[in-house]
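Student: I'm new to this one, and I'd like to know where the descriptions come from. Can we look at it together?

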Amino acid sequence: MIGRLNHVAIAVPDLEAARALYRDTLGAKVSEPVPQPAHGVTVVFVELPNTKIELLHPLGHSSPIAGFLDKNPAGGIHHVCYEVDDIIAARDKLKAAGARVLGDGEPRIGAHDKPVLFLHPKDFYGTLVELEQA
Ligand code: CO
């Protein structure tokens, strides 16, 4: 059911330092910081040949990343995003298998203007999973 790994999201306490690390030390192609107020984050996109890394930093007062960084002040992997062909079919299959969908269970438009859902980390070995309809 899941397809390509769309991205791995890493919460970082210092976006410019993380951007420089990926650009200069790891030699990756990085974007400028992109504010995404609707999602409470500023994102730097790191393009790799086979997937993307998204460096996330809190933006605004109710950022979903702020609490994560409180618990993980050095930063850490926040979620992985898998592509699916049909997000409603995927959701219904996962719910039938007992997985918990976060929020109201309805897909919302994610950071790439495509429908996304998040799955409870306790159902996926401690990993927050994002599904994106590719
Ligand atoms: Co994501």
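Tutor: Along the sequence, the protein chain runs β-α-β-β-β-β-α-β-α-β-β-β. This is a predicted model, where local features need pLDDT of at least 70, side-chain atom pairs count only at pLDDT 80 or more, and totals for chains, interfaces and linings use all residues. Residues are numbered from 1 along each chain as its sequence is written, and side-chain values use heavy atoms, with hydrogens and water left out.

Student: What makes a stretch count as a helix or a strand?

Tutor: Helices are DSSP runs of H or I with at least four residues, and strands are runs of E with at least two, numbered from the N terminus. On that basis the protein chain has three helices and nine strands.

Student: Which residues coordinate the cobalt ion?

Tutor: His7 (NE2), His79 (NE2) and Glu130 (OE), at 2.0 to 2.1 Å. Donors are N, O and S atoms within 2.8 Å of the metal (3.2 Å for Na, K and Ca); water is not among the atoms, so sites may look incomplete. His7 lies in strand S1 (residues 5–11) and Glu130 in strand S9 (residues 129–133), 123 residues apart.

Student: Are His7 and Glu130 buried or exposed?

Tutor: Both are buried, meaning under 20% relative accessible area, with exposed over 50% and partly exposed in between (1.4 Å probe, protein chains only).
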